[in-house]
Amino acid sequence: MTVKVGTAALVLPLFLVLSGCASKGGTKTESTTTTTEAKMSTAPEKEPDHIRVQHILIGFKGSVPGKSITRTVEEAKALAYSLVDSAKSGVNYDDLVARHTDDSAPGIYGLANRGVTPAGPPTEYGRDQMVPAFGNVGFKLKLGEIGVADYDARNSPYGFHVIKRVE
């Protein structure tokens with residue numbers, strides 16, 4: 001087969017033109033199937049419309065209004081990540097919340113994603129009604145997973161959030 005491109009002509013063997021096409025029986029070639037599977041597995045997952053998370057707030061001196069916390073930012077970070085390790089090794093998450101949170105236990109919040117109407121407090125809040133890091137981590141977690149929203153003056157101003165998705 002000859003294909004003209006401008007003044008040049010390209011000669012393509014017939015098997016290259018036909019590779020990837022379905023046969024008369026309608027089955028796909030192996031290369032087409034592999035490409036389709038690769039595209040499907042790399043597509044980002046859609047975030048859920050609603051989630052429930054439980055969190056442990058680990059603050060530091062001056063980060064949580066009304067709380068007299070004496071730990072430093074570095075100590076808060078170390079504690080937050082040690083709590084993640086404890087939870088992943090099987091320590092009861094409810095117990096960790098009760099012993100360590102600088103928020104009120106049990107620290108469970110419902111969140112509605114952007115564009116979804118929340119049920120309203122105290123049952124559910126809109127994602128943008130919470131500090132950004134809370135939703136940014138919470139909506140990426142799978143059920144039962146635990147993640148950390150690191151302290152950031154703009155996105156997580158109260159400290160470190162150790163977040164577990166519970167629904």
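In this tour, Ala, Val, Leu, Ile, Met, Phe, Trp, Tyr, Cys and Pro count as nonpolar, Asp, Glu, Lys and Arg as charged, and the others, Gly among them, as polar. The model is predicted, so to speak of local features a pLDDT of at least 70 is needed, while side-chain atom pairs count only at pLDDT 80 or more and totals for chains, interfaces and linings use all residues. Residues are numbered from 1 along each chain as its sequence is written, and side-chain values use heavy atoms, with hydrogens and water left out.Select Glu45, Lys46, Glu47, Pro48, Phe139, Lys140, Leu141, Lys142 and Arg165, which line the second largest pocket (an open set of points on a 1 Å grid over the protein atoms alone, where a 1.4 Å probe fits, with protein on both sides within 12 Å along at least five of seven lines; lining residues have an atom within 4 Å of a point). By class, this lining has 3 nonpolar, no polar and 6 charged residues.

Next, select the lining of the largest pocket, including His55, Asp102, Tyr109 and His161, where 8 residues are nonpolar, 2 polar and 2 charged.

Then go to proline 121, which is exposed, with a relative accessible area of 56% (exposed means over 50%, with a 1.4 Å probe and protein chains only). The C-alpha atom of proline 121 is separated by 8.8 Å from that of glycine 110, 11 residues apart along the chain.

Definitions and conventions: Buried means under 20% relative accessible area, exposed over 50%, partly exposed in between (1.4 Å probe, protein chains only).
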